[in-house]
Amino acid sequence: MSAINLHSKYDKEIQTQYVKDSLLGNCLDNTYSFSGVKTVRISTPITVPMSDYSRTGTNRYGTPKEMEDIVQELTLSQDKSFTLTIDKGNNADQNGIKEAGKMLKLQMAEQAIPLMDKYSFERLSKLAGKIVGNSTAISKSNVCERITAGTTFMDDSEVPAYDRTLFVPSEVYAKLRLSEEFHGCDRLMEKSLTKGQVGTYDNMRVVKVPHSRWPQNVNFIIVHKRAACAPVKLNDTKYHKDPPGISGSLLEGRQYYDLFVFGAKCNGVYVDVNTASGAGVICATPEVLPDGTINCETAGAAIKYTIDGSDPRYSATAKIGTEVWNVADGTVVRAYAYKDGAFPSEVAEGKIE
């Protein structure tokens, strides 16, 4: 159990835990402002397919269609705080080692920032546009092939090749270092870089993430900078000297933040999941039947669906349920399954008949 240790003599150099700054750093989009609001609504215009030009008639370019859009709502949910006191008498008996400003910095480094990172990586792993399960363990002989599968998916999805970051836990990083395919194509250990970056691979920054901040059963995450954002609306710390009722210092802090993946750019987040027996579970892709019923083989999974063509994983119009009522024949339903403790499914499509 923790205690206030009043020893006979203290050294001015106090021992702190090993800590890192936020590992997401400048790897995500920071262009969206939540100033004065809790929710930001993002509209994505929907383009139309090209058609053949006709040299006769009145609609030579084709039949005009009003441009539609899809709305995604980003609502901040994480509102964390801390409070600490440093009693003047206790601090005096400890030779004044707990200087208030330094202790605020220590609290942020050892508690607030790691918690934000852990939440953000967990959100990335569950909101990714592509989640791939693999029951074969990551090894030095297959790690490059698995990462290449991710970059190939992004290439085929026309995600820009620049501004990509490969996030890996320490154990996967070790396998990447030892991979024979890796040697000679990149110099991962050429120099140590800040904010967890340990080099580059396939034109991507490589960031090594400690186990304590990494989501369970995830092998690696590839993120394009413009695919997600991690806004921090409040990052407020206060130091009160001799406030009412306390002889000493009162330290307080509050962090108000979240992480979002943009639906229109979701293929810029790729996650490789360990699905070996007893490890991670990815919900089965649901089936949308012509009568409007939506089935899923994963027990206990819930369903979200849309009927306006938007991606139900991110759309503000998504509804929860396994039956679609009162829609016209020919309506396209898009649906996915999700469940606490599991990774969400891919999106299924079906037409009502």
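A disulfide here is a pair of cysteine sulfur atoms within 2.5 Å. By that rule, this structure holds 0 disulfides. Take C296: the nearest cysteine sulfur belongs to C283 and sits 6.0 Å away, so C296 is in no disulfide.

Some ground rules. This is a predicted model, where local features need pLDDT of at least 70 and side-chain atom pairs count only at pLDDT 80 or more, while totals for chains, interfaces and linings use all residues. Residues are numbered from 1 along each chain as its sequence is written, and side-chain values use heavy atoms, with hydrogens and water left out.

Now burial. Buried means under 20% relative accessible area, exposed means over 50%, and partly exposed is in between, with a 1.4 Å probe and protein chains only. C27 is buried at 7%. C296 is partly exposed at 25%. Across the protein chain, 40% of the 353 residues are buried.

Next, the overall fold. Helices are DSSP runs of H or I with at least four residues, strands are runs of E with at least two, and both are numbered from the N terminus. The protein chain has 4 helices and 19 strands. Count a contact as heavy atoms within 4.5 Å. Of the contacts between residues at least 6 apart in sequence, 73% join residues at least 24 apart.

On to helix 2, residues 100-127. Yet helix 2 has a kink of about 40 degrees, centred on M108. That bend is the angle between axes fitted to the seven residues ending there and the seven starting there.

Last, salt bridges. The rule is a side-chain nitrogen of Lys or Arg within 4 Å of a carboxyl oxygen of Asp or Glu. The count is 12.

R123 pairs with D258 at 3.6 Å, N to O. D258 lies in the loop between strands 11 and 12 and R123 in helix 2, so this bridge ties together parts 135 residues apart in sequence. D258 is buried at 2%; R123 is partly exposed at 24%.

Then R226 and D29, at 3.3 Å. R226 is in the loop between strands 8 and 9, D29 in the segment before strand 1, 197 residues apart. D29 is buried at 7%, while R226 is partly exposed at 33%.
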